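Visitor: Could you walk me through this one slowly? I would like to take it a piece at a time.

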Amino acid sequence: MERNDNYFMRLALDEAESAAAKGEVPVGALVVASGEVLASGYNESILSSDPTAHAEIVALRKASRLCKNHRLPDCDLYVTLEPCVMCLGAMVQARIRRLIFGAYDPKSGAVESILRFPFERTNHQIEIISGILAEECGKILREFFKVKR
């Protein structure tokens, strides 16, 4: 099946909208395999009082439970915001095949913004595609924080 990164990023944006509606920072994520969504998630750190409950981690946990495996080597992860180092580390541990993200995160982005995760030094390489629907992904965050300030 042909990959449609824009399609899946729009679904991740729907997850981000769900986060915003609950007062969470609007970031959404999907785990996709063979053109099908296995799991989705959005930021739940505030609601769950869990600093690790980022959208990526939530989606990875759901996908791993569904697959009954901590490794997800045939899976792609879509996320609306450039991941932090914690989430990138989880992706390496899960053996995610591809990371596709939308907006850049100049404050905690660990792929290209404040840090370049040292994939060349890890035992697993992740293909990275950045900037998919970056404007839309950034807009939801800007609007969320505009209201908060």
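Visitor: How many bridges join β1 to β2, and do they run parallel or antiparallel?

Guide: Six bridges join β1 to β2, and the two strands run antiparallel. Strands here are DSSP runs of E with at least two residues, while helices are runs of H or I with at least four, both numbered from the N terminus, and two strands pair if DSSP finds at least two bridges between them. This is a predicted model, in which local features need pLDDT of at least 70 and side-chain atom pairs count only at pLDDT 80 or more, while totals for chains, interfaces and linings use all residues. Residues are numbered from 1 along each chain as its sequence is written, and side-chain values use heavy atoms, with hydrogens and water left out.

Visitor: What stands opposite G28 in β2, and what sits between the strands?

Guide: Y42 is the residue of β2 opposite G28. The two strands form a hairpin with two residues between them, and S34 in the turn has a positive phi of about 50 degrees.

Visitor: And E36, where is that, and what does it contact?

Guide: E36 lies in strand β2, which covers residues 36–42. Setting aside neighbours within four places in sequence, E36 is in contact (heavy atoms within 4.5 Å) with F8 and V31.

Visitor: Moving on to β3, is it mostly covered or uncovered?

Guide: Strand β3, residues 75–81, is mostly covered, with seven of its seven residues buried. Buried means under 20% relative accessible area, exposed means over 50%, and partly exposed lies in between, using a 1.4 Å probe and protein chains only.

Visitor: Which strands does β3 pair with, and in what sense?

Guide: Five bridges join β3 to strand β1 (residues 28–33), and that pair runs antiparallel, with V31 standing opposite L77. With strand β4 (residues 98–103), β3 pairs in the parallel sense over five bridges, and there the bridge partner of V79 is F101.

Visitor: What do β3, α4 and β4 make together?

Guide: Together with helix α4 (residues 85–94), the strands β3 and β4 make a right-handed β-α-β unit. Right-handed means that, with the strands pointing away from the viewer, the path from the first strand over the helix to the second runs clockwise.

Visitor: Changing topic, how many salt bridges does the structure hold?

Guide: The structure holds seven salt bridges, each being a side-chain nitrogen of Lys or Arg within 4 Å of a carboxyl oxygen of Asp or Glu. One of them joins D76 to R98, with the closest N and O atoms 3.2 Å apart. That pair links distant parts of the chain, since D76 is in strand β3 and R98 in strand β4, 22 residues apart.

Visitor: Why does D76 count as buried, and what about R98?

Guide: D76 counts as buried because its relative accessibility is 2%, and R98 counts as buried because its relative accessibility is 2%. Both also belong to a network of salt bridges that links D5, D76, R97 and R98.

Visitor: What does R10 form a salt bridge with?

Guide: R10 forms a salt bridge with E136, the closest N and O atoms being 3.9 Å apart. This pair links distant parts of the chain, with R10 in helix α1 and E136 in helix α5 (residues 134–148), 126 residues apart.

Visitor: How far apart along helix α5 are E143 and K139?

Guide: E143 and K139 are separated by about one helical turn, because they are four residues apart in helix α5. Their side chains meet in a salt bridge of 3.8 Å, N to O.
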